[in-house]
Amino acid sequence: MKKILAIIFAALFVLTACGNNSTDKKDNAKEITIGTEGTYAPFTFHDKDNKLTGFDIEIAEAVAKKAGYKVKFVETQWDSMFSGLNSGRFDTIANQVGMDADRKKKYNFSKPYTYTQGVLVTRKNSDIKSFDDVKGKDLAQTLTSNYGKLAKEKGAKVTSVEGFNQAMEMVLSNRVEGTFNDKISVLDYLKQKKNADIKIVEGNAEKTQSGFVFTKKTDEKVIKDFDKAIDALQKDGTMKKISEKWFGEDVTRP
């Protein structure tokens, strides 16, 4: 009888130990900290319940989960975003970071999860059908932006504005003929105002890509984990689903 009891207790001990090991593995899952603004709608912002949300937030959560990481977001202002990454306050950034040549010299990037380009926005009844048609036309632009420079290069007369929303107001009120801006911003605008009297004209504006950014010291395995997760989520349609939720079309592929 004593031997039987000993065997039962031993079996229970093994089962308990296995259960504890399973819990420990779950609790000790890899954690990755991600820097983000939290004030940049619709990419990273707080909803009416003060929950951090947005396109970049949902993409980051999906990619990290697929890669086997627990996520911790660290909110910071854009001006201190890269210094935070450099100092190790967080491991990567999810904040529509463009993958330009200068940044690629200083940092490593994951595969892109956003593809966009500059477009021209005009009223639906406008006779403007291409970028070249803006020559001599009035456009609303922020003067120091790349889109302001593009407008001038195309021979447009530029009316200075503080930002995208003001430019859209001027277009709709017929005070200017149009405005150059990022396609994703326009798609977000149309998602909020489905009946807006505007059309999108595409042209030869430079295309841009955004991805997760890491320091040059980051373990290559981490970046490969993210790349594999991005590939998998694009393949199974998760990235497309998230994008269509926020913008009405898929901006996660070229």
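Trainee: In which hand does helix 6 pass helix 7 in a crossing?

Mentor: Some ground rules come before the answer. This is a predicted model, where local features need pLDDT of at least 70, side-chain atom pairs count only at pLDDT 80 or more, and totals for chains, interfaces and linings use all residues. Residues are numbered from 1 along each chain as its sequence is written, and side-chain values use heavy atoms, with hydrogens and water left out. Now the term: a crossing is left-handed if the near helix is turned anticlockwise from the far one by less than a right angle, and right-handed if clockwise. Helix 6 passes helix 7 in a right-handed crossing.

Trainee: Which residues make the contact of helix 6 and helix 7?

Mentor: Contact means heavy atoms within 4.5 Å. Helix 6 brings F164, N165, M168 and L172, and helix 7 brings S185, V186 and Y189.

Trainee: At what angle do helix 2 and helix 9 pack?

Mentor: Two packed helices are described by the angle between their axes and the distance between the axes. Axes are lines fitted to C-alpha atoms, for helices over the stretch in contact, and angles run from 0 to 180 degrees between N-to-C directions. Helices (H or I, at least four residues) and strands (E, at least two) are DSSP runs, numbered from the N terminus. Here helix 2 (residues 55-67) and helix 9 (residues 238-247) pack at about 165°, with axes 10 Å apart. Helix 2 is therefore roughly antiparallel to helix 9 (under 35 degrees is roughly parallel, over 145 roughly antiparallel, 65 to 115 roughly perpendicular, the rest oblique).

Trainee: Which residues touch the most other members of the largest nonpolar core?

Mentor: In soluble globular proteins, nonpolar side chains tend to be buried together. A nonpolar core is a set of buried Ala, Val, Leu, Ile, Met, Phe, Trp, Tyr and Cys residues joined through side-chain atoms within 4.5 Å. Buried means under 20% relative accessible area, exposed over 50%, partly exposed in between (1.4 Å probe, protein chains only). This core has 29 residues, and I32, F55, I59, V63, F212, F226 and F247 touch the most other members. Helix 2 gives the largest share, 7 residues.

Trainee: What does F55 touch?

Mentor: Leaving out residues up to four places away in sequence, its partners include P42, Q96, I242 and W246. P42 sits in the loop between strand 1 and strand 2. A cis peptide bond joins A41 and P42, with omega about 5°.

Trainee: Is Q96 buried or exposed?

Mentor: Q96 is buried, because its relative accessible area is 15%. Q96 also has a positive phi of about 50°, although it is not a glycine.
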